[in-house]
Amino acid sequence: MARVLTPRAEDFPRWYQDLIAKAKLADNGPVRGTMVIRPAGYAIWERMQAEMDARIKAAGAENAYFPLFIPESYLKREAQHVEGFSPELAVVTHGGGKPLAEPVVVRPTSETVIGEFMAKWIDSYRDLPLLLNQWANVVRWELRPRIFLRTSEFLWQEGHTAHATREDARAYARRILHEAYEDLMVNVIGIPVVVGLKTTRERFAGATATYTCEGMMGDGKALQLGTSHELGQNFAKAFDISYSSKEGGREHAWTTSWGTSTRMLGGLIMAHGDDNGLRVPPRLAPIQAYVMIVKDGDGVGEAAAKLRDGLRDAGVRVALDDRTDTPFGRRAVDAELRGYPVRVEVGPRDLAVGNATVVRRTDGSKTPTPVADVVTAVLAALETDQQVLHDQALANRESRTVEVATLAEAIEAAATGWARVPWSAVGVAGEAEANGQGVTVRCLLRADGSVPDSEDEPDLVAILARAY
């Protein structure tokens with residue numbers, strides 16, 4: 001294939017930008033830091049949405065919608081929250097040609113406005129738990145924007161829940177972390193993630209605990225793919241989210257919030273992409289099999305349409321490319337760039353002997369296959385290649401993660417990958433030192449790999465890395 005993208009090994013950031021442009025996934029918007037998600041990119045986001053939405057609903061949450069504009073006074077009620085978001089806020093001071101009586105903030109996240117309505121809707125312990133989710137856009141004014149990874153406006157889901165006890169809130173925050181987020185990342189997007197606890201320095205503004213899913217990208221850097229937060233009673237007290245208990249007293253609720261965003265698209269690109277373009281895991285792919293007519297004539301068009309129909313009937317998401325007025329080589333390059341898991345190429349020469357060619361995106365292999373066996377071959381390839389992409393990403397992470405004993409060794413290791421180091425060897429002072437050199441503590445784990453309740457637990461392991 002002719003070189004279309006800057007090689008990853010030569011310039012990874014340029015490769016990333018090249019791929020987004022050449023695969024027609026997105027473009028820069030007219031306002032700095034904004035993006036236009038093109039149909040090819042949005043189709044993948046829709047699949048992510050559908051898979052995530054199903055998992056969120058399986059956990060009992062219901063979808064709702066809350067306003068884009070939030071009174072500035074709402075944010076000021078929770079001091080840590082407004083302090084954490086102040087540098088990123090977009091504030092509207094005029095509307096209808098007149099100054100507003102109170103400035104309004106374009107939502108950076110919705111804890112405050114949802115807290116206001118939770119207080120209105122919750123009266124008794126019978127109203128709990130209240131489990132809400134919102135699909136929306138948010139605005140955080142980014143200084144160094146990069147499409148999908150950090151943009152001033154992005155799309156996401158944000159869940160917000162209220163519970164009668166701290167234990168119930170913690171259990172739900174972790175349920176979302178594992179059953180929605182980790183499950184989607186690993187089993188659909190094919191990115192093996194490390195799931196852990198954020199340090200106090202890294203946790204969400206106003207939270208009492210933040211849990212995270214961290215994925216390693218193709219260049220060894222980390223990407224935070226989703227977070228789930230325990231908010232304690234901080235927002236409940238600020239917004240008077242309270243309820244009558246079974247005993248007749250008045251108690252403040254315990255709340256959580258959790259979110260994933262279009263950043264997952266950036267993670268997909270950087271975890272699985274190669275020098276030929278995107279590679280989309282079959283369970284995620286909007287188009288799993290792409291049937292291509294190499295050259296029309298001799299019954300090729302009819303055979304290709306029949307293969308498309310057979311694949312569709314077998315439950316495969318399939319598309320037919322019959323644009324024979326465009327050179328086949330160019331169409332094949334575009335299909336590689338888009339990352340379609342399997343191509344089925346149908347041309348007169350192969351068809352004359354009863355074959356079509358099955359091409360797998362993971363390894364580029366091309367297999368002449370009897371037409372009658374194509375559907376079976378495609379189904380087998382889709383199942384196999386879902387695991388292949390996960391295993392390749394896992395092998396990359398394992399090969400670039402090192403066990404070290406000191407902060408200095410961890411910072412050095414973070415130049416090329418991840419470091420696992422005793423948290424006791426880092427601590428609060430060491431974390432600040434690492435941050436000064438562009439290295440962050442991505443999360444904390446127990447020695448057995450499970451998620452701790454607090455950074456004060458003994459014998460914790462810290463993951464240090466450079467990150468997007």
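The chain is divided into domain 1 (10-270), domain 2 (287-380) and domain 3 (402-463), with bounds that come from an automatic or database domain assignment. The model is predicted, and for this reason local features need pLDDT of at least 70 and side-chain atom pairs count only at pLDDT 80 or more, while totals for chains, interfaces and linings use all residues. Residues are numbered from 1 along each chain as its sequence is written, and side-chain values use heavy atoms, with hydrogens and water left out. Taken over C-alpha atoms, the centres of domain 1 and domain 2 are separated by 40 Å.

Domain 1 and domain 2 each supply at least three residues to the lining of the second largest pocket, which has a volume of about 240 Å³. On a 1 Å grid over the protein atoms alone, a pocket is an open set of points where a 1.4 Å probe fits, with protein on both sides within 12 Å along at least five of seven lines, and lining residues have an atom within 4 Å of a point. Grid points are joined across faces, edges and corners, and the volume is the space filled by probe spheres set on the points. Helix H10 (residues 328-338) gives the most to this lining, with five residues; helices (H or I, at least four residues) and strands (E, at least two) are DSSP runs, numbered from the N terminus. By class, the lining has four nonpolar, one polar and seven charged residues, where Ala, Val, Leu, Ile, Met, Phe, Trp, Tyr, Cys and Pro count as nonpolar, Asp, Glu, Lys and Arg as charged, and the others, Gly among them, as polar.

Lys-24, one of the lining residues, is placed in the loop between helix H1 (12-22) and strand S1 (26-28). Lys-24 has a positive phi of about 60° although it is not a glycine, and at 41% relative accessibility it counts as partly exposed (buried means under 20% relative accessible area, exposed over 50%, and partly exposed in between, with a 1.4 Å probe and protein chains only). A positive phi, near 75°, is also found in Phe-148, a residue other than glycine, which lies in the loop between S7 and strand S8 (153-163) and is buried at 2% relative accessibility.

Phe-148 is among the residues that touch the most other members of the largest nonpolar core, which has 62 residues, and Leu-25 is another of these. A nonpolar core is a set of buried Ala, Val, Leu, Ile, Met, Phe, Trp, Tyr and Cys residues joined through side-chain atoms within 4.5 Å. Helix H6 (residues 166-187) contributes the largest share of this core, eight residues. Apart from it lies another core, of 26 residues, including Leu-231 and Phe-239. Beyond its neighbours within four places in sequence, Leu-25 is in contact (heavy atoms within 4.5 Å) with residues including Phe-148, Ile-269 and Leu-278.

Further local features were found in loops and in a helix. The peptide bond from Leu-128 to Pro-129 is cis, with omega near -5°, and Pro-129 is in the loop between helix H5 (111-121) and strand S7 (130-139). Gly-60, in the loop between helix H2 (39-58) and strand S3 (62-63), is partly exposed, with a relative accessible area of 40%, and it touches Leu-131 and Tyr-172, not counting residues up to four places away in sequence. Ala-303, by contrast, lies in helix H9 (residues 300-313) and counts as buried at 17% relative accessibility. The C-alpha atoms of Ala-303 and Gly-347, 44 residues apart along the chain, are separated by 9.5 Å.
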